[in-house]
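Trainee: I have a structure to look at and would like to learn how to read it. Could you take me through it, one feature at a time?

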Amino acid sequence: MMRYRLEKRPEPSKLMLYGTPVAAVVLTMILGCLLFSAIGYNGLRAVQEIFLTPLTNPYKWQDLGIKAAPLIIIGTGLSVAYRANVWNIGAEGQYIIGALAATGVALMTWGMSGWWILPLMAIAGMAAGMAYASVPAFLKTRLNVNEILTSLMLTYASVQLIYYLIRGPWKDPMGIGFPQSRLFSEAARLPNIIPGTIVHLGVPIAVIVALIAWFVMSKTVFGYRMRVVGAAPHAARYGGFSETKTIWLAMLVSGGLAGLAGMLEVAGPFQRMVPGFPTNYGFTAIIVAFLGRLNPLGVIVAGVVLAITFVGGQVAQTTIGLPDEATGIFQAMMLFLLLAGDILVRYRIRRVSPEASVGAA
Amino acid sequence: MPNRLELTGITKQFPGVLANDHVSFAVKPGEIHALLGENGAGKSTLVKMIYGIMQPDAGEIRWNGEPVVVANPKAARKLGIGMVFQHFSLFEALTVLENIALGMDAKIPSRELESRIREVMETYGLALDPHRTVATLSVGERQRIEIVRALLLNPQLLIMDEPTSVLTPQEVEQLFTVLRKLAAEGCSILYISHKLHEIKALCDTATILRGGKLVDTCDPKEETSRSMAEKMIGTGLKDIVKAEGRAFGQPKLVVNRLSTGKTGHFDVPVDNVSFTVRAGEILGVAGVAGNGQNALLDALSGELIGDDREAITIDGHGIGLMNTTERRRQGLCAVPEERNGHAAVGDFTLSDNSVLTARDRLGMVMMGLINSGAAKTYTGKVIADFAVKALGPASTAGSLSGGNLQKYIMGREILQKPSVLVVSQPTWGVDAGAAAAIHQALVDLAAAGSAIVVISQDLDELRALCDTLAVINMGRLSAARPVKDFSVEEIGLLMGGVHGSMETA
Ligand SMILES: Nc1ncnc2c1ncn2[C@@H]1O[C@H](COP(=O)(O)OP(=O)(O)OP(=O)(O)O)[C@@H](O)[C@H]1O
Ligand SMILES: [Mg+2]
């Protein structure tokens, strides 16, 4: 029996560190092509439709924009938290709760008009996302419960809350029995910024959020705190950054941004709450954060890359009949290859001599 | 008989630094060979290449007469080269035996391994119970694990990079006995240390590096510590200038019944400690590592916050409930023992490391924004004033040699002109010239009216530096007395006695 073990490399190269995301995307295309060929599709065509068509077909660009926007906003928040080694996996839940809070405001102000309705919805969305993220933060800081599990589990609770609300109290009176909320009134819908397209205000907001986050992470004490806690927790304590406060801040920022993304999504593309609202943006944003190297500028690029796979997945469904799940497979492959690549950049694989396994304790 | 190890023209270039410049020398079988040099002279880099951790850019390594390429540490071990690092790589929660088994290249049944370990320990008089958990062991005992690990491979060359910086005098003596026995059996030893009297006592030959170049080879037995230090630096060595019979001011730092609960997993807590340091006074805390020094430092720095405001006061203000940032504002700065990952972040630039502790006292933050210009200027001043060998404020802390990082950290705190400074092992791994400079800076800081606490295991350092001295033992601190009242034997005995009582197991 052969044994292998990982050995830390003395000096991981900078080039490799930034090269892995690119390599992961390219490898995903190659492996995806082989995989879908093996199960009887035209693999080359599949990769082409998923990764290239969204870029070459100008009609798809607006789709890219509105898909990338929530991914960038949530991914930015997650990149901030992950820098500090706070593993908020439940952005999807915070995103849903943020959208529900915004929906609540939209329904309460239904029929009214005024410029203040959208900002109020945004504030409600962020506050709700933060509140939802404070549950894992509280459990982690008070009882040392792993935030990965709690934040993830709360996601499932949030989905049930949608179903309850739109079947019960928020059910559209005119909806002929459909479980959905009523259509928001004009003042609660995001304005389009490019006439004749579906590109809404959320798209520029996403870019602005990422730019602000980049500035905050590289130039402020807040960003310094996140970086130092992630790089050397012991040194952070010595420098006066308490771990508890950092966990709270990381959770609140990532939860608040996820909530904002939820508000923008429900007030933009959806304009009402429907059972199909959860589209896993919160989970995909985890890939976005890592693919962007936990750097908000990188997150913008990574958000677009993942948006391409969403849009391309839909294209491939209609043109070559690829199953709905294909997009997920490509995205998962990308994350897997990225993480594997990261390990190989930091460590190398060593073979332990064959006699090694004999009598191992 | 061919030389055990022969280096010819070994050269290693780092970005901006020529760490080794055509270094050539030979080590004979059974020879104990010292490698001396200032901080950043290139000693660690050189032995890392011999052990296969790094590859030379140019030059040849001959092993028992044959030219070899040492691709990695495993290849080095195969050749018969063992190395003991200053920082041990041990798992605290595992036993001695498990730790050794994990480090072996080939897995050996644990019964057989245990009997071989016992055999090695017997031969070399290394007392250690293979079934004890590492967490319960003193630093000296932990080092023994690393030595046993190296000896199990029957090395023909053993490399030791600053092995004694954390050992008590007694442990140093035990180590030397082992090394002498090994040498007598024909194993060569390459020995790096900044403690020159140890070199005199142990080594047959000394090779001296300066700025990456080999500058001299000498017989340590024929030199004095001072003459070797001057060979290393290339100029004369300065003595500490300390005014005799200085008068101290008002009590500045008063610690009253300070206790820490059980902290980390295996740290010894501080138990009901009281002492006073006056303005201008340097108080030394002597003791064997692992007797509560870390907890004492953390409790004073504010990393560990107690529940009694008045347990620690500065100029009468209770600071017992403040965190590190608030205490720094009150004028208390601290330097913990561990530099990597605690006093400094290896992946960050020196500028960013200055932000870690100096941001408030030096106005590096305005409304939450970091003024990187101010951080850079201050870092440049630390580098210049403390002669830190670094390319500049943008170098990462991890790229500095051990002693240079220590100089930077000490400089970063001292130049903040704290009114109370607490330091642990201020000259750990620092060369003789730099140690003198750091000592002088501490004496000057005290002369300007600061109260200073120095926690150290180095008796020579404490005697040269401190005005008063106390000994820490199992978390308790003896009453402080003027350092002149202690004889060398007495402190040694106090610390040795402490150690003896720890070893009953
Ligand atoms: N990974 C690295 N990257 C860049 N420079 C490095 C690296 N490692 C060492 N250096 C530089 O090489 C020089 C020699 O370092 P080295 O660690 O060999 O010194 P040393 O003699 O062991 O010093 P000390 O006594 O302080 O441990 C130093 O100037 C150091 O900054
Ligand atoms: Mg060194």
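Trainee: Which residues come nearest to ligand 1?

Mentor: A residue counts as near a molecule if one of its heavy atoms lies within 4 Å of it, and of the 19 residues around ligand 1 in this predicted model, B:G40, B:S44, B:T45, B:S401 and B:G403 come nearest. By class, this shell has five nonpolar, 11 polar and three charged residues, where Ala, Val, Leu, Ile, Met, Phe, Trp, Tyr, Cys and Pro count as nonpolar, Asp, Glu, Lys and Arg as charged, and the others, Gly among them, as polar.

Trainee: Which atoms lie 2.8 Å from an oxygen atom of ligand 1?

Mentor: A polar contact is a pair of N or O atoms within 3.5 Å. Here a polar side-chain atom of B:N39 lies 2.8 Å from a ligand oxygen, and a backbone N or O atom of B:S399 lies 2.8 Å from an oxygen of ligand 1. For B:G42, a backbone N or O atom is 2.9 Å from a ligand oxygen. The protein covers 87% of the 640 Å² of accessible area that ligand 1 has on its own, as computed by the Shrake-Rupley method with a 1.4 Å probe.

Trainee: What should helix α10 of chain A span?

Mentor: Helices are DSSP runs (H or I, at least four residues), numbered from the N terminus, and the expected span is 1.5 Å times one less than the number of residues. The 28 residues of α10 (243–270) of chain A should therefore span 40 Å, which agrees with the 39 Å between its end C-alpha atoms. Just after α10 of chain A, A:Q271 takes a positive phi of about 65 degrees.

Trainee: What is the mean pLDDT of chain A?

Mentor: pLDDT is the predictor's confidence in each residue, from 0 to 100; chain A has a mean of 89, and 93% of its residues reach 70 or more.

Mentor: Residues are numbered from 1 along each chain as its sequence is written, and chains are lettered from A and ligands numbered from 1 in the order in which they are written. In this predicted model local features need pLDDT of at least 70, side-chain atom pairs count only at pLDDT 80 or more, and totals for chains, interfaces and linings use all residues, while side-chain values use heavy atoms, with hydrogens and water left out.

Note on methods:
Helix = DSSP H or I, 4+ residues; strand = E, 2+ residues; numbered from the N terminus. Polar contact = N/O pair within 3.5 Å; in protein donor to acceptor, adjacent residues only side chain to side chain.
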